[in-house]
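Subject: Structure handed over, with notes

Dear colleague,

Please find below the structure that I promised to pass on. My notes on it follow directly after.

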Amino acid sequence: MTPAALRRACLSKPGAIEEFPFNPENSVFKVAGKIFAITALRSRPLQVSLKCEPGLAEQLRASHPAITPGYHLNKRHWNTIVLDGSLPDSLVRDMIEDSYDLIVAGLPKATRRSLGWTGT
C-alpha cells in the first residue's frame, strides 16, 4: 500500500479528517475528534498504527510479523503495521475499517447516526 492509498483509505470513512497535532510529519486521522489511525506518510518503511479489539490484535500479531504492538500506544488495543508489501492491501483496508468502527461504536448515538454508521 502506498502512502497515497493509505491516506485515501483513512479519509474515505464518513466524517474522517486528517490533522497534525504532534508535528507536520505525523498524520493523525480522526472521526468526531477521536483518533483511529496514526502514520508518518513519508516514513520508510511506511507504518500505520490502528486500534484493534484485543483478542484479534494478538491473533494478527501471531500470524503476521509486520504487525506488532502499538508503538507508543496502549499495546492491548493498538497495533502498528509495517506496510512492506507482506500484507495484502485488502487486509490493511479491513484493519482501517475495524479501527474506525471501534472508535465510532463508542461515540454517542446521535453522532453515530449523523455519520450514517450502521455498525457493520
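In which helix does D101 lie? D101 lies in helix α3, where helices (H or I, at least four residues) and strands (E, at least two) are DSSP runs numbered from the N terminus. At 14% relative accessibility D101 counts as buried, the terms being buried for under 20% relative accessible area, exposed for over 50% and partly exposed in between (1.4 Å probe, protein chains only).

Before the rest, a word on conventions. This is a predicted model, in which local features need pLDDT of at least 70 and side-chain atom pairs count only at pLDDT 80 or more, whereas totals for chains, interfaces and linings use all residues. Residues are numbered from 1 along each chain as its sequence is written, and side-chain values use heavy atoms, with hydrogens and water left out.

On the overall fold, the protein chain has 4 helices and 6 strands, and their order along the sequence is α-β-β-β-β-α-β-β-α-α. The radius of gyration of the protein chain, taken over C-alpha atoms, is 14 Å, which agrees with the value near 14 Å that a compact globule of 120 residues would have; the globule rule used here is 2.2 Å times the number of residues to the power 0.38. The C-alpha trace spans about 40 × 35 × 25 Å along its principal axes. Of the 120 residues in the protein chain, 37% are buried. Among the contacts (heavy atoms within 4.5 Å) with a separation of 6 or more, 42% are accounted for by residues 24 or more positions apart.

In soluble globular proteins, nonpolar side chains tend to be buried together.

M95 also lies in helix α3 and is buried, with a relative accessible area of 7%. Leaving aside neighbours within four places in sequence, M95 is in contact with L50, L60, I67, I81 and L87, and its C-alpha atom is separated by 9.9 Å from that of A57, 38 residues apart along the chain.

Some loop positions also deserve a note. E53, in the loop between β4 and α2, is partly exposed, with a relative accessible area of 42%; E53 and W78 are 8.2 Å apart, C-alpha to C-alpha, and 25 residues apart in sequence. In the loop between β2 and β3, A32 has a phi near 50°, a positive value in a residue other than glycine, and A32 is partly exposed, with a relative accessible area of 45%. P45 is found in the loop between β3 and β4, and the peptide bond from R44 to P45 is cis, with omega near 0°. Most residues other than glycine have a negative phi, and most peptide bonds are trans.
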